[in-house]
2 protein chains.
Amino acid sequence: MVKLKGFQKLTLTDQALETWMRTWRVVNSQSTVVSLQDALSRILAEDLVAKESLPRFDKSAMDGYAVKSSDTTGASQSKPVTLQLTENQEVKNGQARQIWTGNPIPKGADAVVMVEETKKIGGKLEVWCQVTLWQNVSKIGEDIKSGTLIAKSGTRLSPYHIGLAAAMGHSELKVAQKPKVAILATGNELAEVGAPLTGNLIYDSNKIMISAECKELGAQTTDLGIARDNVDEIAEKIREALKTHDAVITTGGTSVGGLDLVPDAVNKIGKPGVVVHGVALRPAMPTAVAVLEGKPVLILSGNPVASVIGFEVFGRAMVCRLLGMSKTEPRSMTKATLKRKVVSALGRKTYVRVLVTLKGDELFAEPVSTKGSGSISTMTQSNGFMIVPENREGITEGESVIVHLFGTVEVSS
Amino acid sequence: MVKLKGFQKLTLTDQALETWMRTWRVVNSQSTVVSLQDALSRILAEDLVAKESLPRFDKSAMDGYAVKSSDTTGASQSKPVTLQLTENQEVKNGQARQIWTGNPIPKGADAVVMVEETKKIGGKLEVWCQVTLWQNVSKIGEDIKSGTLIAKSGTRLSPYHIGLAAAMGHSELKVAQKPKVAILATGNELAEVGAPLTGNLIYDSNKIMISAECKELGAQTTDLGIARDNVDEIAEKIREALKTHDAVITTGGTSVGGLDLVPDAVNKIGKPGVVVHGVALRPAMPTAVAVLEGKPVLILSGNPVASVIGFEVFGRAMVCRLLGMSKTEPRSMTKATLKRKVVSALGRKTYVRVLVTLKGDELFAEPVSTKGSGSISTMTQSNGFMIVPENREGITEGESVIVHLFGTVEVSS
């Protein structure tokens with residue numbers, strides 16, 4: 001626990017997340033059936049099990065000739081075996097039938113001789129090598145046996161899952177319904193994008209940015225607009241949203257100007273209300289997490305970068321659970337060599353924005369330095385987070401670090 | 001050049017790609033204007049330039065008091081300076097006005113003293129430290145100056161680009177229209193997913209899988225169904241599709257059973273037709289690339305894994321160019337330690353499917369071994385490709401390799 005002005009104490013990041021996640025469960029896990037065409041990136045809501053074996057039948061793995069393996073015993077280039085070519089359904093002793101990759105093995109045959117190891121002479125075939133039982137044959141169920149678990153419930157469906165489901169004849173899949181997340185911005189200083197900007201107003205950017213993050217993970221979002229800095233107005237909007245949504249996210253109104261309008265509003269609505277407020281996390285210290293009517297409420301800072309980091313830690317975990325995933329989906333990860341030393345505060349988990357670049361065969365991570373950490377431009381100039389743990393005061397130049405990627409790696413020439 | 005049965009020669013992968021890309025241009029680059037709400041993952045069709053400076057005005061970077069910096073000269077904890085608190089719009093000599101992070105600096109003030117460095121006594125303020133000109137002030141344009149390039153045309157829009165665009169008051173963005181890609185499967189052995197499966201038929205899985213890959217990149221796709229193994233039928237379907245699409249992709253009918261039905265069909269339609277057929281690429285050797293009516297036609301293998309690798313190399317490049325991106329978007333990349341040696345053929349670029357796992361602070365890549373490489377289950381069991389270049393015969397165990405990730409890294413406990 002770290003003492004801090006404005007907070008009686010800060011809760012360690014992992015502990016805050018654990019406490020919050022322990023306080024709510026998914027109330028209404030709903031699933032829906034979608035066609036394979038619409039299944040990309042959706043989350044499986046049931047185990048995907050092989051309906052049948054793949055291959056469905058013994059098939060040739062090569063272009064060549066289906067034979068009885070015993071007929072090829074002792075065959076070699078200097079001492080070829082000669083077989084009779086047939087086009088019948090069944091291959092009998094002393095016969096060979098032409099076959100292409102993927103074709104079913106004809107009745108009677110139990111191996112395939114590659115075309116390269118043969119020579120066709122009239123209606124006969126010279127075989128230059130011996131094949132063993134089932135050589136060059138993909139046996140039924142060799143890739144997947146009927147009943148095999150292909151992907152667990154909670155898996156995000158890639159093009160390859162969809163391909164595999166298709167190969168097994170699934171034309172539809174049961175996936176999680178998109179959880180409904182309502183997002184509220186708070187602050188007298190905010191104007192909606194598109195509105196005229198007067199005086200000292202600034203455009204709200206958090207709401208639409210956090211909404212995009214939710215959508216990227218697979219949630220649907222509702223824009224609750226901007227609430228003024230007024231506890232009753234904020235409380236009313238959250239109370240209403242909880243009736244029809246699975247979760248609420250707010251931005252601003254926490255530890256602003258010495259006031260905690262949103263935490264106060266949440267605590268006014270009901271129990272347990274705020275379960276953690278103030279996290280030993282940089283730069284998202286004022287984050288608060290709450291539960292109302294058994295549903296999660298995430299209270300993010302109004303500072304754009306702090307709201308992004310707060311969402312990264314708490315919002316991803318929330319949306320992934322609402323989607324029925326068994327654990328929080330990690331970002332892509334890479335190891336990279338840190339190009340410049342980074343200083344952090346002991347006792348805080350620190351998210352450092354870095355730009356990862358590939359130079360030749362080496363990956364480098366360059367911290368994106370800025371005077372004020374609050375500008376969202378630091379997020380568009382970087383492509384990943386390096387996380388400095390609480391027990392370190394920084395990372396030295398040249399150290400090999402894990403980076404959690406949110407953008408594509410720059411390829412430097 | 002490598003000689004191979006069935007192909008007079010194989011073309012090196014990079015050379016094949018370059019030859020193809022040189023032979024066509026984007027004919028009709030179309031853009032469309034979307035609201036910020038709909039801009040996620042779309043591709044910018046014009047440079048995004050800062051409409052105004054951020055911050056829009058000089059603002060406080062701290063909670064504290066706005067002052068004239070000259071009034072604090074020499075102040076220290078043992079020798080504080082005492083200022084008069086004011087609530088007026090303007091701060092005059094000897095005055096201080098309370099200010100919160102993000103608030104505009106009042107007229108007359110030129111610095112902010114942090115609240116921690118002060119003590120309020122009645123209507124007066126003790127200041128315990130000296131501040132310099134513009135200390136604790138975020139100056140206008142400090143984050144972004146009006147006119148700064150935020151993101152180039154061709155950039156894929158992340159939540160953070162959207163947030164930054166919102167902060168600058170853009171409510172809409174000009175993005176690339178989704179290119180139209182038509183996808184045709186070929187093969188007498190194929191049945192549509194959902195149809196009853198009789199005899200030795202198998203379900204087509206390539207079409208829907210490649211369609212999902214196209215969609216993931218940002219294209220829209222048309223399912224052209226399954227063509228029988230008949231040059232005229234294939235040619236007719238491709239010819240029709242070219243009238244209303246930006247590109248055509250086919251699967252199967254290349255180097256199958258000694259026949260090249262799709263390349264023959266394409267060459268029948270017009271010039272230049274097939275520009276490369278047979279690539280020194282494993283496992284996608286039968287891939288062919290063609291151009292008809294100035295539009296790209298990609299001829300993939302019918303083997304599911306070969307079609308995936310063929311798309312990875314040629315399809316991604318094609319869709320990215322159609323989207324107006326200046327270069328092919330790379331996958332996420334990571335360095336990992338190879339857990340088992342991999343053998344490959346000299347002269348071929350080889351895509352090896354690997355499963356990348358994080359163990360403690362180390363990333364490992366384990367080749368996903370299979371007898372037959374054709375099963376798409378090897379794609380769902382892995383999360384990345386390791387690419388073995390043409391000049392190597394394999395990679396030794398323990399070597400540090402670059403992996404191109406298509407799935408999330410497994411976290412092992």
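These questions and answers cover a predicted model.

Reader: By what turn can chain B be laid on chain A?
Author: The superposition gives an RMSD of 0.1 Å, with a shift of 0.0 Å along the axis. The two copies are thus related as by a two-fold rotation axis. The turn is 180°.

Reader: Which residue of chain B comes closest to the rotation axis?
Author: The distance is taken at the C-alpha. It is 2.1 Å. The residue is B:Thr334.

Reader: Which are the edge strands of the open sheet in chain A?
Author: Six strands form this sheet, with mixed pairing. Their order is E9-E6-E8-E7-E11-E10. An edge strand pairs on one side only. That holds for E9 (111–114) and E10 (118–121) of chain A.

Reader: Which residue in E9(A) stands opposite A:Ala66?
Author: Strand E6 (residues 64–67) of chain A runs antiparallel to E9(A). Four bridges join the two strands. Opposite A:Ala66 stands A:Val112.

Reader: Is H3(A) roughly parallel or antiparallel to H2(B)?
Author: Helix H3 (residues 206–217) of chain A packs on helix H2 (residues 159–167) of chain B, with axes 8 Å apart. Their angle is about 160°. Angles over 145 degrees count as roughly antiparallel. So H3(A) to H2(B) is roughly antiparallel.

Reader: How do the residues of the contact of H3(A) with H2(B) divide into nonpolar, polar and charged?
Author: H3(A) contributes A:Ile208, A:Met209, A:Ala212, A:Glu213 and A:Glu216. H2(B) contributes B:Pro159, B:Tyr160, B:Ile162, B:Gly163 and B:Ala166. The division is seven nonpolar, one polar and two charged.

Definitions and conventions: Residues numbered from 1 in each chain as written. Chains lettered and ligands numbered in written order. Predicted model: local features only at pLDDT ≥ 70, side-chain atom pairs only at ≥ 80, totals over all residues. Heavy atoms only, no water. Least-squares fit on C-alpha atoms with pLDDT ≥ 70 in both. Pairing = 2+ DSSP bridges. Axes fitted to C-alpha atoms, helices over the stretch in contact; angles between N-to-C directions. Parallel < 35°, antiparallel > 145°, perpendicular 65-115°, else oblique. Contact = heavy atoms within 4.5 Å. Nonpolar A, V, L, I, M, F, W, Y, C, P; charged D, E, K, R; others polar.
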